[in-house]
Amino acid sequence: MEIDRNASPERVALHQALADPARLAIVDALAVGDLAPGELGRHLDLPSNLLAHHLRVLAQVGLIARGRSHADRRRVYIRLIPSALEAVHRRRVLTASRVVFASTGNAARSPLAADLWTSRSAVPVTSAGTRPGPGLNPRAISAARRHGLSLERQGTADVRDVITPHDLVVAVCDNAYEKLDPGLRRVHWSVPDPGPVDTDEIFEDVLALLTERVDRLAALTAMAPGP
């Protein structure tokens, strides 16, 4: 078999970027959820200057992107761009006995994510909010119906009444992530709140983003073994 001399420079650069153990560890961490640079540094025990170098390399090949927190604009989160990794086989890296999707009001993002999860994984799921509102957002209900979904609950729930130490908690908004107990087993998705815009278009955009994230996490997550 001959070497393909016509391989795209982008593909070669992608493999070169992933050849470094630290950068591969960064990609593995971001495959689960978004992290701030400081969180990544602590998680991987990397000094800030070395982390900055690795993030710059990954950004240059299109593997990661940066975005500001929708809650605290001073915060920056790093997210993986999954389409850049389509040729890379991902193994299951998580086990969970239950997944809890958490947002602020538990009115749109978290119940939509939970319903998507039900159709993609055998791992049990529910949703809750850090400041749950009186009920589900009507546009979320409409968006769910347009896509053949049936929301998993008609009301809302408080994270304090739902989350247990054994759950995998997926915060689907910055505000919820920043308010949850850091001691929890947490995953973070920086998904904007569709409520303030309140159009069918923004709810469709959010549902598409959640679908992409749920598909990715479901492929990475296996049922935890019984006691």
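Strands E4 (residues 99-103) and E5 (residues 125-129) run parallel to each other, paired over five bridges. Two strands count as paired if DSSP finds at least two bridges between them. Helices (H or I, at least four residues) and strands (E, at least two) are DSSP runs, numbered from the N terminus.

A quick word on the ground rules: this is a predicted model, where local features need pLDDT of at least 70, side-chain atom pairs count only at pLDDT 80 or more, and totals for chains, interfaces and linings use all residues. Residues are numbered from 1 along each chain as its sequence is written, and side-chain values use heavy atoms, with hydrogens and water left out.

**Around E4**

Let's stay with E4. Ser 103 has Gly 129 of E5 as its bridge partner. E4 also pairs with strand E6 (residues 168-171), again in the parallel sense, over four bridges, and there Val 100 sits opposite Val 169.

E4 is mostly covered, with five of its five residues buried (buried means under 20% relative accessible area, exposed over 50%, partly exposed in between, with a 1.4 Å probe and protein chains only). Val 99, Phe 101 and Ser 103 point one way, while Val 100 and Ala 102 point the other.

Two packed helices are described by the angle between their axes and the distance between the axes. The axes are lines fitted to C-alpha atoms, for helices over the stretch in contact, and angles run from 0 to 180 degrees between N-to-C directions.

| Helix pair | Angle | Axis distance |
|---|---|---|
| H5 and H9 (residues 200-220) | about 45° | 9 Å apart |
| H2 (residues 21-30) and H3 (residues 37-44) | roughly 120° | within 11 Å |

The H2 and H3 contact is made by Ala 22, Ala 25, Ile 26, Ala 29 and Leu 30 of H2 and Leu 40, His 43 and Leu 44 of H3; contact means heavy atoms within 4.5 Å. Where H5 meets H9, the H5 side has Arg 109, Leu 112, Ala 113, Leu 116 and Trp 117, and the residues of H9 include Val 206, Leu 210 and Val 214.

**Back to H3**

Glu 39, Leu 40 and Gly 41 are buried in H3. Among the elements covering the buried residues of H3 are H2, helix H4 (48-60) and strand E2 (76-80). Just past the end of H3, Asp 45 has a positive phi of about 55°.
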